[in-house]
Amino acid sequence: LPFESVLLKFVPDDIYFFTRYGAEALIYLVAAVVLWRIFSGKQPYRATRFDLPFLLFLVVLLASTMVNLVPPTIAILGARQILRFMIVFFLVVQIAPTKLFIKKLTWIMFWIVVFQSLLGISQSFVGESLDALLLPSEERALGSIVLTEGVQQFWDPGSRVFATLGRYDRLGNFLYIFLLLATGFLFTKKMIEKHAWLPWLFAVGVPAMVLTYSRSSWFAFMFGFVLIGLLIKKDRRVLAGLGAFILFLGFVLGTSGLNVSLLAEGPGQTLSERFYESFSYARWRGEYYGLGRVFWFIHTPLSVVAASPILGFGPGQFGGGAAAALRNTSVYEELGLPYGVFGTEGFIDNNWFSLWGETGTLGMIFYLWFYGGLFFFALNVARESKDPFTQSIALGVAAILLGIAFNGFTSTILEIRTSAFYLWLYAGFLYVLVEKERA
């Protein structure tokens with residue numbers, strides 16, 4: 001998955017659909033095989049503590065579809081967008097891969113992080129020629145359904161790196177997810193003693209993540225790192241580093257003459273301007289009147305949720321990738337709202353509010369029950385597990401869940417293939433490791 005954006009550039013149109021969705025089709029194939037084995041009695045069903053909230057969430061999706069009379073095609077594609085990677089968690093639990101398999105895959109993914117980081121850093125030096133090779137700029141569609149949106153490079157060549165992930169924010173997401181997983185190993189004494197090479201992962205990964213200019217990735221990584229190093233491990237070095245970082249930010253702000261309230265996005269931004277722009281009133285105001293995220297922060301609860309508070313408007317109807325791909329404007333027109341960000345894109349760049357609009361408050365309760373339950377499960381395992389590898393994975397998964405929870409307010413990360421898949425995959429791995437440890 002981390003390489004598909006570049007590889008798909010060279011796939012002919014007549015087989016593009018099958019190539020693009022081949023990996024996802026494998027998930028459904030595995031699901032079919034697992035279900036067949038369970039129903040045929042060849043393997044027992046392994047129940048989890050998360051079965052109930054997931055089942056109730058499915059009931060809400062179905063009820064919302066029926067109450068809102070959502071057309072079957074839209075309902076199926078909308079539900080798929082929400083569920084396709086959540087089911088990976090349950091598939092992993094049923095398959096129960098070995099600890100050795102999980103270890104090998106984790107080391108492979110860390111090496112992929114090194115490759116992506118080095119490629120991204122190279123982009124910052126090479127610039128336009130490497131960007132042009134890696135950027136998936138062409139839109140691909142199947143009839144009226146958008147399969148892949150072409151990426152328009154609105155940033156200066158070489159200024160925001162994206163490696164083979166197609167967009168700078170997607171590279172940032174991919175890097176912080178695996179850097180947080182690696183942070184779990186970094187703060188587990190027996191693992192860092194055994195794998196002394198791990199700091200080198202951060203030596204290339206963190207600079208590459210910074211060069212993506214993806215602020216949500218920066219903050220997600222910082223929140224997750226502080227969770228592990230300070231709140232769980234209570235490492236004084238992290239506290240000292242955090243204090244030094246805050247002092248550094250204050251020093252830069254005091255000596256640079258930046259007027260934070262007036263900062264707005266533009267070409268040629270420095271790293272410091274990009275960071276401080278997160279707190280700019282001018283940016284927030286521009287995002288509201290420009291129909292960006294801030295507009296939807298306000299109008300989703302006031303206009304969308306208020307119009308259908310319990311069950312929402314149904315899957316594929318509002319704010320997410322399905323509504324954008326299907327060019328489904330029905331809810332927006334019904335409520336007199338612009339069609340997503342900028343009034344043209346269909347999605348609202350806020351995964352939590354998109355879910356809220358589609359599944360209502362009831363759906364959000366059950367989704368957060370599942371998501372929050374995983375977070376506290378990971379925290380408990382991180383504190384109680386006696387196995388260093390399991391403890392490391394638990395620390396990483398807890399940090400990833402926190403980072404993605406933040407990132408969900410700034411993007412559709414729970415739908416993004418190169419992020420969501422690994423979230424649910426490693427949550428499943430953690431559950432399997434715990435069950436094996438307790439057996």
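In this predicted model, the largest nonpolar core holds 131 residues, and those touching the most other members are Phe89, Phe178, Tyr371 and Trp424. Helix α19 (residues 351-384) supplies the largest share of this core, with 15 residues. As for Trp424, its contacts take in Phe85, Met86, Val88 and Phe89, along with Tyr367, Phe370, Tyr371 and Leu374, leaving aside residues up to four places away in sequence. In soluble globular proteins, nonpolar side chains tend to be buried together.

Aromatic rings come next. Searching the whole structure turns up 58 aromatic pairs. Take Phe89 and Phe90: their ring centres are 5.0 Å apart and their planes meet at 85°, so this pair counts as edge-to-face. Both Phe89 and Phe90 are buried. Phe89 also pairs with Tyr431, again edge-to-face, with 5.9 Å from centre to centre and 75° between the planes.

Arg20 lies over the face of Tyr21, 5.1 Å from the ring centre. Elsewhere, the charged end of Lys103 sits over the ring of Phe389, at 5.5 Å from its centre.

Then there is helix α13, which covers residues 236-256. Its 21 residues reach 30 Å from the first C-alpha to the last, close to the 30 Å expected at 1.5 Å a residue. Buried along α13 are Val238, Leu249 and Val252. These residues sit on the same side of α13 because they cover an arc of only 70° around the axis. The other side of α13 has Arg236, Leu247, Phe251, Gly254 and Thr255 exposed. As for packing partners, the buried residues of α13 go up against α12 (215-232) and α14 (271-276). Just past the end of α13 comes Gly257, with a positive phi of about 75°.

Conventions. Residues numbered from 1 in each chain as written. Predicted model: local features only at pLDDT ≥ 70, side-chain atom pairs only at ≥ 80, totals over all residues. Heavy atoms only, no water. Helix = DSSP H or I, 4+ residues; strand = E, 2+ residues; numbered from the N terminus. Expected span 1.5 Å × (residues − 1). Buried < 20%, exposed > 50% of the residue type's maximum accessible area, 1.4 Å probe, protein only. Arc of directions from axis to C-beta. Contact = heavy atoms within 4.5 Å. Core = buried A, V, L, I, M, F, W, Y, C linked by side-chain atoms within 4.5 Å. Phe/Tyr/Trp six-rings, centres within 6.5 Å; stacked < 30°, edge-to-face > 60°. Lys NZ or Arg CZ within 6 Å of the ring centre and 35° of its normal.
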